[in-house]
Each structure stands twice: as C-alpha cells, then as structure tokens.
Amino acid sequence: MQLDQLLQQRLQARREASLYRQRGLTDSPQGPVRKLAGQSFLNFSSNDYLGLAADTRIADAMIHAVRTQGVGSGASHLTAGHTQAHQQLEDALAVFTGRERALVFGCGYMANLGVITALMASGDAVFQDRLNHASLLDAGRLSGARFSRFGHLDYALLDAQLHRSRANHQLVVTDGVFSMDGDQADLPRLADVCDAHQAWLMVDDAHGFGVLGELGGGCAEVSGLLPTRVPILVGTLGKAFGTAGAFVAGSEALIETLIQFARTYIYTTALPPALAEATCLSLQLVQTEHWRRQRLAELIAQFRQGCAEAGLPLMSSATPIQPLLVGDSQRALQVSDVLRQQGIWVSAIRPPTVPVGSARLRVTLTASHTAEQVNQLLQALTSAWETVNAEY
C-alpha cells in the first residue's frame, strides 16, 4: 500500500469517529473577543488566564528589546545564545518560586522531556498520574526507566506501587492543575508518600502558576510545602504569564545537572532575548496585580453557579478550566458547533486527549472576561445543550 493511501485511510477513520481535529484561523490579538476566519467570537478557549497576552506594557517591553537586542538569539545557550535577559529571567523565576535556581526552556514539552530523560535511566522507575499531560507521559516512556501509571489522584495505589518497586531511583510525576479536568493534585499528600519511599517528586504546574496563590505562585505556594519537598518544579510562560517558553526551578545541583545532561536544553536555540525581557515584566505584573486573580475567582464562581442552576454537568474544578462533560465525541462537536453559530468559541475536547467516553467542552475563563460575557456564555450554553440533547 502506498504511503498516501495508508494515511488517507487513517485520516478517514478519524473523521468517521468524530475525532478529526481542525485549526481555527485567528486574525486578531489574544483576548475575550477574537476574530476567527473574519468572524468575531466570544473566546472561551484560551489559556491566557490573567489576560496578559495582549497587554500593551509587555508588548512595548518586547518591542524595545527587539530594537536593542535583535530578534533571534542565534545559538543555543551553551554556545553563544545565553544573554543577560535570559539570566535575569532565570534569576527572577528562582526568587518567585523560592528555589535556588531556575532554567528557561523553549516550551513546556521540551522542559518535561529534558528533565525526565536527564534524571532517569534503565534501572530507575517513573510513576505518573494517569491524566498527566502528554509531554510528561512521553518523557516517562522515552527515559529508559520502568514506566508506571497510577489512577487519577489515587495515592493509595501509588504508595503500593512504590512499596513494590525495587528500582535504583524513583520519580513521581504529576500535574499541579490537570489541563483537561481542571482539578488539582494533593501535593502535601503526594509529598508524604514520596518521603515514605525516598522518591523524588516532580510537579508540572503549567496551569497553576499565576492563577493560584496570593502571589500567583501556583500549587506549590498554596500547599505551603518547603522547596525541598517539591524538588523539581516546572512551569510554562505561555499561559498565565502571556508570553512563551517554560522553566524548571530547583536546587543548584538540579539546574546544573540539566544544563549538562538535558538534551532538549543543550541542543536547541535559545528563546529570543526580547521574549525573555518581556517575560520579566510579565512576572512582575503576575505578582503585583492581584486584582486579576480576584476577578478570575469571581467569574469562576459566577459560571459554576449558573451551570448548577441550569443543570449542566460541569466537572468539579476551582480553576479557570471548567469542563462540561458530554461523553460522546459527536455530541460534543455538535454542542460546540451550535455555540459557534451563536458567536461563542468553546473547543470540544475528544479522545485521545481525554479518555474514551469522556468527551467534553473545555470552557476556560480569563481575567479579561466580563460578567456580562459570562452570562452570555451561560445562556448560549444552556440553549445549545438543550438543542443537541433533544436530538438524542
């Protein structure tokens, strides 16, 4: 069979299963209202949780840095690409997270691959929550270590798995906030389990940083755990921070080890220095503009109350990620399409991103939304839900 023929068959099978994905072409800045293919939509599918992605102050900082430092970094960090802007950002992130050092990566996927493959090898073992992000799961598989998953938030099972393990080293990996469910890991309990078995704990708090905690320090800040109890902390900069990239924060020994052994750090071009400089300002705004988290909390409460009153099957989440469980993939697409006809953009999330039978609408709220826009979403969502379910 020819390659293209085989690929067409695979694509057709995905279409028939209502799992085919398509990119929406946007032609406006990130914000609560966006233009897609020339049409304006209320946007409830963004991870720009604090509304900083289009902040003019951050944009001006980046423009100024481009004019003084150029566009590209031109090289990897270990050749000629590590600039003062990168170092300043890493120093600021270390202070922000309460760690000795931080290391900036090109994106969250590269950070997670870099950490796990640098630390683990044959004879070791990696244990992961079943609903961890794909980058974490892929890194576990690629590390060469024995790879095991435990049921979502099932720390009793994890404890039993660790008890049976005879690995040289054990690494437990979890999302801080789970990207498709919006719920949170119990870090104090996880840390206790890890301490009991002398396992290392790694937390990817991509969706918690900036959103949770008085200063936006995420799950680690909320948990109150000492840095030594969460020795490997990962965060992304393209969500609540509104820019791009990712970082790992931890001890001096951890960061120096990653510089020496993390292939996704060593063998890739550094982020543009202007982006690093803009992110330094973004980090300041995350910590000082507390009103953004307050407004976000109010909108989350408003949306959850409205869904409860309308009898909509909203999953349990106190974060900006508010999933509406549909179950069937085709039905989830239909609800999303009806919303789109009413000028509201909410993505339908289907397998393999979520388990089979748990397709959903992933509603995300941001500090840039208004109470009126959330009410408009609630009215449209209730109507779309009734329209689609009347057909079944």
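# Aromatic contacts and cavities

Colleague: Where does arginine 15 lie relative to tyrosine 20?

Modeller: Over the ring face, with arginine 15 at 4.4 Å from the centre of the tyrosine 20 ring. A charge sits over a ring if NZ of Lys or CZ of Arg is within 6 Å of the ring centre and within 35 degrees of the ring normal. The model is predicted, so local features need pLDDT of at least 70 and side-chain atom pairs pLDDT 80 or more, while totals for chains, interfaces and linings use all residues. Residues are numbered from 1 along each chain as its sequence is written, and side-chain values use heavy atoms, without hydrogens and water.

Colleague: And which ring does the charged end of arginine 340 sit over?

Modeller: That of tryptophan 345, at 4.0 Å from the ring centre.

Colleague: Switching to ring pairs: how many aromatic pairs are there?

Modeller: The count is 6. Rings of Phe, Tyr and Trp (its six-membered ring) pair if their centres lie within 6.5 Å; planes under 30 degrees apart are stacked, over 60 edge-to-face, and the rest tilted. Phenylalanine 96 and phenylalanine 209 have ring centres 5.9 Å apart and planes at 45 degrees, so this pair is tilted.

Colleague: What parts does that pair tie together?

Modeller: Phenylalanine 96 is in helix α4 (residues 84–97) and phenylalanine 209 in the loop between β7 (200–204) and α9 (218–223), so the pair joins parts 113 residues apart in sequence. Helices (H or I, at least four residues) and strands (E, at least two) are DSSP runs, numbered from the N terminus.

Colleague: Is phenylalanine 209 buried or exposed?

Modeller: Buried, at a relative accessible area of 1%; the cut-off for buried is under 20% (1.4 Å probe, protein chains only). Phenylalanine 209 also forms a tilted pair with phenylalanine 247, 5.3 Å centre to centre and 55 degrees between the planes. Phenylalanine 247 is in strand β9 (residues 246–250), 38 residues away from phenylalanine 209.

Colleague: Which residues do ring pairs link into a cluster?

Modeller: Phe96, Phe209, Phe241 and Phe247.

Colleague: New topic. How many cavities of 30 Å³ or more does the search find?

Modeller: There are 2 in the whole structure. On a 1 Å grid over the protein atoms alone, a cavity is a set of points where a 1.4 Å probe fits but cannot get out, and lining residues have an atom within 4 Å of a point. Points are joined across faces, edges and corners, and the volume is the space filled by probe spheres set on them.

Colleague: What volume has the largest cavity?

Modeller: About 50 Å³. Its lining includes His77, Phe105 and Tyr265. β3 (101–105) and α11 (263–266) are the elements that give two or more residues to this lining.

Definitions and conventions. Buried means under 20% relative accessible area, exposed over 50%, partly exposed in between (1.4 Å probe, protein chains only). On a 1 Å grid over the protein atoms alone, a cavity is a set of points where a 1.4 Å probe fits but cannot get out, and a pocket is an open set with protein on both sides within 12 Å along at least five of seven lines; lining residues have an atom within 4 Å of a point.
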